[in-house]
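Please keep the sequence and the 3D view open while reading.

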Amino acid sequence: MLELDRVCAQAGAFRLKDISLSVAEGESHVLLGPSGAGKSTLLEVIIGLRPPTGGRVTFAGQDLRNVPAEKRGMGYLPQRLALFPHLTVRENILYGPRSRHLRPSDYRAVVDSLIDATGIGLLLDRRPDTLSGGERQRVALVRALAARPSLLLLDEPFSALNESLRHELWHLLRALQKEYGFATLMITHDLSEGFFLGDHISVLIDGEIKQTGDRDSVWRHPASVGVARYLGIRNLMSGKVIESAEQAVAVECPAVGGVLRVNLLPDRPRPEVGAEVHVGIRAEFVVLRDADHPPKEGEFILHGCFTAVSVAGTDVTLLFQPEGKDLVLELGVNRRLLRRFGIKTGQPVMVGLPRRDLLLFTS
Amino acid sequence: MRFGRATIACALAVLAVYGLLIVSLFYFFDGTAILEALSSKRVLFSIQLSLVAATVATGLALAVAVPAAYALSRYHFRGRELVDAILEFPIIVSPAALGAIILIFFSNPVGEWVQEHVLQFVFAFAGVVLAQFITTLGVAVRFMKSAFDQVPTSYEMVARTLGATPARAFFTVSLRLAGRGLLASGVLTWAKALGEFGATIMVAGTMAMRTETLPIAIYMRLSTADIKGTVALILVLLALGLSALYLAKFFFRERRART
């Protein structure tokens with residue numbers, strides 16, 4: 001439905017480079033990236049408010065090169081929502097259909113059902129500045145969908161809301177999408193939001209798409225060290241390949257003082273012997289071992305102690321330092337494990353790095 | 001707290017400076033002089049001329065300034081920096097010099113042709129309007145630009161994605177949201193045009209019952225050492241200006257109450 005083919009754009013000194021991605025009908029595509037990665041610039045190009053300096057954007061088979069924003073037929077939900085403060089909620093919602101010169105009979109049923117689905121029926125005569133944060137989001141969603149766009153673009157619209165309200169709106173967006181069948185392209189820097197809402201994820205860093213794929217593959221197998229770091233993998237160790245076979249490689253890692261054996265993914269290139277690489281592992285995949293929970297086959301075992309214990313709600317982050325090494329590994333556990341192992345700072349402990357969870361990044 | 005008090009003292013000092021000057025007028029205040037001035041055909045003509053000329057000049061300035069200010073606020077185009085810099089031109093060269101420049105223009109072949117075939121400006125009502133228009137245009141654009149700058153561009157972006165053409169987005173969103181600032185800018189532009197003197201006297205002269213605006217009438221009274229008459233006319237000008245500002249504020253309050 002939406003296709004970007006090697007799109008380039010300039011915003012001041014910042015450049016978007018060769019962006020290619022596609023959004024299929026009814027798909028939820030999330031563009032993840034840190035602040036300043038160029039996400040909003042890319043959205044402006046797609047909407048038609050910033051001309052690309054190269055490449056091609058097509059929507060529903062039409063080249064959008066000379067198509068102005070008002071004729072592209074996409075819905076847009078910006079970060080600050082931009083509800084028109086001088087109009088009532090009803091006037092805000094009807095702004096789109098009226099601008100497109102639709103007859104009331106063409107949009108009334110859709111608008112009424114959207115109002116019902118979002119529960120904003122009692123707000124129609126109010127002005128945006130009298131609404132709560134959640135009400136404003138719902139109104140902005142209905143306004144963006146009132147003209148029945150087949151693609152809705154969202155620019156971090158839920159970023160200013162509290163956690164529970166955000167979850168509520170994520171579910172609402174999912175439900176609306178299921179009912180009305182529109183596709184979404186959402187940009188966000190929030191990993192939990194991105195992985196909750198996105199069937200398909202693209203990671204944009206420094207103006208370039210570093211990885212694109214379905215949600216699980218991106219989460220499980222980041223394509224590079226940069227993507228891994230952005231996706232929250234902080235346990236990254238550099239090393240050199242000393243054996244390279246069809247399905248696995250052996251990497252000598254001075255940081256752990258040994259050789260890590262890492263499985264290779266079928267779609268990733270096999271590094272040559274001698275190649276400089278990084279091995280990574282998610283904090284939640286590093287396992288605690290003791291006499292009751294002995295190491296399993298294929299685990300690389302490290303002895304050391306915890307240097308810090310941080311508790312945030314039910315999640316606990318532990319910092320582990322192997323004996324005589326400069327390396328610090330992060331472990332993600334829950335409160336139950338914290339109690340079971342009686343974890344304290346300075347306590348000697350054994351941790352395991354399961355081979356199946358090790359990730360290989362060629363430098 | 002000490003800093004806060006210091007800034008408040010400065011604010012009160014501003015009031016003191018202008019208040020002292022206004023109060024000092026009353027040393028020469030003469031009620032009969034005011035009544036006499038207000039019943040004089042020549043003074044009434046000056047008031048009428050000032051009001052009409054300032055209104056026409058402001059209308060013309062706004063017709064150019066609103067779209068120009070919007071362009072400066074929203075678009076990056078070749079020559080934008082130059083346009084932005086030239087807005088201060090009327091302030092830098094002073095109104096008198098500006099009037100002289102206008103006169104010099106009308107002494108050139110192009111200016112002479114305009115006077116002959118289009119409209120007589122020098123020593124005419126059109127000259128008064130032109131002088132006020134040129135003096136206020138730059139300031140009007142500057143004021144209006146800051147009014148548009150206050151409106152986030154995201155409103156227009158959303159309006160466009162909802163199907164509005166750039167013109168519809170301008171008229172239904174940007175203009176409405178910048179409205180209060182634009183009206184305030186319009187009133188200030190009008191007040192500046194009303195008080196314009198230097199350029200007007202250069203271009204239109206001091207012809208009684210023809211090009212004598214209120215500020216020029218004040219100058220003429222003072223040049224004949226008629227202090228009481230001068231004070232009377234200053235107070236009339238002051239009353240007109242303050243009434244306009246008060247009306248504008250009243251209007252804004254009413255609008256705010258309704259929105």
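## Domains of chain A

Chain A is divided into domain 1 (2-220), domain 2 (235-280) and domain 3 (283-355). The coordinates come from a predicted model, and everything below should be read with that in mind. The centres of domain 2 of chain A and domain 3 of chain A, taken over C-alpha atoms, are separated by 23 Å. Where these two domains touch, domain 2 of chain A contributes 9 residues and domain 3 of chain A contributes 11 residues. On the side of domain 2 of chain A that touches domain 3 of chain A, at least two residues each are supplied by β11 (235-244) and β13 (258-263) of chain A, and β13(A) provides the largest share, with 4 residues. Sorted by class, that side of domain 2 of chain A holds 4 nonpolar, 4 polar and 1 charged residues.

## The two chains in outline

The overall values for each chain are set out below.

| Property | Chain A | Chain B |
|---|---|---|
| Secondary structure | 9 helices and 20 strands | 13 helices and 0 strands |
| Span of C-alpha atoms along principal axes | roughly 75 × 45 × 35 Å | about 65 × 60 × 35 Å |
| Buried residues | 37% of 363 residues | 36% of 259 residues |

Read from the N terminus on, the elements of chain B run α-α-α-α-α-α-α-α-α-α-α-α-α.

Is helix α1 (residues 39-47) of chain A mostly covered or mostly uncovered? The helix is mostly covered, with 8 of its 9 residues buried. After α1(A) comes G48(A), whose phi is positive, near 105 degrees.

## An open sheet in chain A

Further along chain A, 5 strands form an open sheet in the order β15-β19-β16-β17-β18, with antiparallel pairing. The edge strands are β15 (287-289) and β18 (329-334) of chain A, each of which pairs on one side only. With direction ignored, neighbouring strands of this sheet are turned by 50 degrees against each other on average. Within the sheet order given above, strand β16 (residues 299-312) of chain A and strand β17 (residues 315-322) of chain A pair in the antiparallel sense over 8 bridges, and G304(A) stands opposite P322(A) in β17(A).

## Where chain A meets chain B

How many residues does the contact take from chain A and from chain B? Chain A gives 17 residues to the contact and chain B gives 15 residues. On the side of chain A that touches chain B, the elements giving two or more residues are β6 (75-77) and α2 (89-99) of chain A, and α2(A) gives the most, with 3 residues. By class, this side of chain A has 10 nonpolar, 4 polar and 3 charged residues.

One residue of chain B can be followed across to chain A. S154(B) is found in helix α8 (residues 153-161) of chain B and, when its neighbours within four places in sequence are left aside, is in contact with P78(A), R80(A) and A82(A). Is S154(B) buried, partly exposed or exposed? S154(B) is partly exposed, because 15 other C-beta atoms lie within 10 Å, a count between the limit of 12 or fewer for an exposed residue and that of 20 or more for a buried one. Within chain B, the C-alpha atoms of S154(B) and P166(B), 12 residues apart along the chain, are separated by 13 Å.

Notes. Residues are numbered from 1 along each chain as its sequence is written. Chains are lettered from A and ligands numbered from 1 in the order in which they are written. This is a predicted model: local features need pLDDT of at least 70, side-chain atom pairs count only at pLDDT 80 or more; totals for chains, interfaces and linings use all residues. Two residues are in contact if their C-beta atoms, placed from the backbone, lie within 7 Å. Ala, Val, Leu, Ile, Met, Phe, Trp, Tyr, Cys and Pro count as nonpolar, Asp, Glu, Lys and Arg as charged, and the others, Gly among them, as polar. Domain bounds come from an automatic or database domain assignment. Two strands pair if DSSP finds at least two bridges between them. Axes are lines fitted to C-alpha atoms, for helices over the stretch in contact, and angles run from 0 to 180 degrees between N-to-C directions.
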